[in-house]
Amino acid sequence: MSLELQDLSVDIAGRRIVADIDFTVPSGSFTGLLGPNGSGKSTILKTIYRVHRPATGRLLLDGKDLLSLRPRDAARRIAVVSQEFTLEFDFTVQEMVMVGRTPHKRAFERDNDADHAMVDNAIAQVGCEELAHRSFNTLSGGEKQRVLIAQALAQGADHLILDEPTNHLDIKYQIETMELVSALGITVLAAIHDLSLAALFCDTVQLIADGRIIAGGPPRSVITPGMMRHAYGTEVLIIEHPDTGTPHLIPRRLYGADPPSPDSTDPPGPDSDTGN
Amino acid sequence: MSPADPDAGVPADVGGPPPPAAGQDAALPTTSPAAVRSPPAPRPVPGRRRVPLPAALAGCTVLLLVTMTLGVAIGSVPLSPAAVWGVITSHLAGHPHYSVADAIVWEIRLPRVLLAAVVGAALTTAGTVVQVLVRNSLADPFLLGVSSGASVGATAVLLFGALASLGAWAISAGSVLGALGAMAAVFLVSRQRRALAPTQLILCGVVLSALFESVTSFLIFRGNPEATQSVLFWLLGSFGLATWPQLPIPFIALAVAMVYLLTQGRSLNALAMGSEPAAALGVDVHRLRRNLFIVTSLMAGVAVAVSGIIGFVGLVIPHIVRLMVGSDHRRVLPVGVLFGASFMVLGDLLARTIVAPQEMPIGVITAFIGAPTLIFLIRRRPYLYGASG
């Protein structure tokens, strides 16, 4: 039970967006997809859930070609929480989560007790019982994210794909969302912007730059100053997280960063000639 | 913080006490003050009120029967509901009694009421689906160019005698041809790499509609000034020329479309989440969007062909139905058919009675009812209509 990407390349409008993507998401693991804006993280994820078609390469689910599955059969195995979700229509939380049952139902088939049990279970798993009858559009960002995860859980898939699940969330919800996802016990592949957060929760990470994987493995081996320079073109300090020993990024100022001293009242100026 | 901010007034605590009613729909006064003041209450927060589906269906069926009975009974020669149903049952039983009342009910008013009902149902259904197709709750069935294309066809028939060999069917045929042409144009122009993206659909629909409207204007400009009045009348819509032979085609179109759409109820809900989430839910999004486009265009095209361009119904009625039963399309579609039909029958009744013996164009009635209703709905629920992004 694993998801394998073999030599995957994807073209959009005639341009190669990602090339030679080759890695495995081990069963039951939490794998993070890291990389700068526009490096191709979302493209890789969208190719797995069929928004884009690969130009070359293969996607294997348990050793079998994922794209040869019927869409609904694939959706029973892989659920997705996509980025920047907006809803034009008025659905309650319960109705939203029930939509997750779509790949399991035939035309005209009604919601049965098993579906309702799955939905209630999914809502309970993300701790949104209180919100079940609320309108989705009245929820806060963190609540919405939980409901979308519940919808994916109701899908009953053993693989979960998340595209920047902590975007726009405050620190409390970032941690809660990551804890929730890592406690699910299913295989997770997530594009994550915050490298320190990824290091704290992911078993393995894949680092992408310019559409290619430049490093993969445990966070400790990938999130290094050299790799960050290579991928992001910027200097960072990396320290060990005092609780977990995982790498933690400390951003540095580009210019004029002097440690504050008690007697200095002037903030460091943006003088670009300090040769830092 | 804008009123459109969905986060407004909702505390961000998931596992904790239920949020106060401030975040609820202002139109739901069901939260008692006590429930607001005692946060640790284990009771779930009162949610969105939904009319249960059987109740909504039963209520709308009764509404439709009542409006249709009134629609047949009221007119220059008033009839009692009993007389109306007497005539109808006698015809259904195969033993009609020929009389003045029989002729009025069976030959004049009943076909008209049935045509209004089927057109109302078709426009409501088409509007509901187009709103999902372009992911915009302010879309209407004519957004995709159907009505302006039909105008070109009908105008060509009325002003220049095109398709004259078809006799009484020429206008319908002309508007269907125009609608199909417009639909094909919008479809081909907005297609990008086998996808019908919502934004492209809206833009191409709007642009091509404007183009077809100017073609209509050009035809009117070149045409006979006396004939332009009949064009204007046609553009505003009417059921005044309803006859029995006109009924089968719209009924069959509506029935076929409804059967297909009801099989796609879950997929429509998934598509309402967006194209990419729908794909992730196992929906073949390209095929679904293409089929929905064809089904709605045909339904709107047939409706326009038999009754002209009747605005606002396909925009406002889906909203009202969504307010009643929520956005689950397995509920919205069947309730919408009944409610849309009732609304149109009532609208037609008003159209032919309020300035009797003259007849008001039905499009004027639906606009006068529809526009204020829509504004009321938008002002009442700003978070929903402002949440597009």
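Among contacts in chain B between residues at least 6 apart in sequence, 73% join residues at least 24 apart. The model behind this figure is a predicted one. Chain B holds 16 helices and 2 strands, and 49% of its 389 residues count as buried. Chain A has 9 helices and 12 strands. In chain A, 45% of the 276 residues are buried, and residues 24 or more positions apart supply 63% of the contacts with a separation of 6 or more. The C-alpha trace of chain A extends over about 75 × 45 × 35 Å along its principal axes.

V97(A) can be followed in some detail: beyond its neighbours within four places in sequence, V97(A) is in contact with V119(A), A122(A), I123(A), V147(A), A150(A), Q151(A) and A154(A).

Helix packing in chain B comes next. Two packed helices are described by the angle between their axes and the distance between the axes. For helix α9 (residues 248-263) of chain B and helix α12 (residues 285-307) of chain B, the axes come within 10 Å and cross at roughly 160°. With angles over 145 degrees counted as roughly antiparallel, this crossing makes α9(B) roughly antiparallel to α12(B). The crossing of the two helices is left-handed. On the α9(B) side the contact is made by I249(B), P250(B), A253(B), L254(B), A257(B), Y260(B) and L261(B), and on the α12(B) side by V295(B), L298(B), M299(B), V302(B), A303(B) and V306(B). By class, the residues of this contact are 13 nonpolar, no polar and no charged.

Helix α12(B) also packs with helix α5 (residues 146-160) of chain B, at an angle of about 40° and with the axes 9 Å apart. That angle makes α5(B) oblique to α12(B), and the crossing is right-handed. Here V146(B), S147(B) and A150(B) of α5(B) meet S297(B), A300(B), G301(B), V304(B) and A305(B) of α12(B). The residues of this contact divide into 5 nonpolar, 3 polar and no charged.

A further pair involves helix α4 (residues 100-133) of chain B and helix α13 (residues 313-325) of chain B, whose axes come within 8 Å and cross at roughly 75°. The two helices are therefore roughly perpendicular. Helix α4(B) contributes G120(B), L123(B), T124(B), A126(B), G127(B), T128(B) and Q131(B) to the contact, while α13(B) contributes V313(B), G314(B), L315(B), I317(B) and P318(B). This set splits into 6 nonpolar, 6 polar and no charged residues.

Helix α10 (residues 265-272) of chain B deserves a paragraph of its own. Since 8 of its 8 residues are buried, α10(B) is largely enclosed by the rest of the structure. The buried residues are G265(B), R266(B), S267(B), L268(B), N269(B), A270(B), L271(B) and A272(B). They pack against α3 (93-99) of chain A, together with α4, α9, α11 (275-280), α12 and α14 (329-353) of chain B. After α10(B) comes G274(B), with a positive phi near 125°.

In chain B, the peptide bond from A356(B) to P357(B) is cis, with omega near 5°, and P357(B) sits in the loop between α14 and α15 (362-380). In chain A, D62(A) is a residue other than glycine with a positive phi, near 50°. D62(A) lies in the loop between β4 (54-61) and β5 (64-65) of chain A, and counts as exposed because it has 12 C-beta neighbours inside 10 Å. E164(A), likewise not a glycine, has a positive phi of about 50°. The loop between β7 and α6 (171-182) of chain A holds E164(A), which counts as buried with 20 C-beta neighbours inside 10 Å. D158(A) is located in the loop between α5 (141-154) and β7 (159-163) of chain A. With 18 C-beta neighbours inside 10 Å, D158(A) counts as partly exposed. D158(A) and G57(A) are 101 residues apart along the chain, and their C-alpha atoms are separated by 23 Å.

Key:
Residues numbered from 1 in each chain as written. Chains lettered and ligands numbered in written order. Predicted model: local features only at pLDDT ≥ 70, side-chain atom pairs only at ≥ 80, totals over all residues. Axes fitted to C-alpha atoms, helices over the stretch in contact; angles between N-to-C directions. Helix = DSSP H or I, 4+ residues; strand = E, 2+ residues; numbered from the N terminus. Parallel < 35°, antiparallel > 145°, perpendicular 65-115°, else oblique. Left-handed = near helix turned anticlockwise from the far one by under 90°. Contact = placed C-beta atoms within 7 Å. Nonpolar A, V, L, I, M, F, W, Y, C, P; charged D, E, K, R; others polar.
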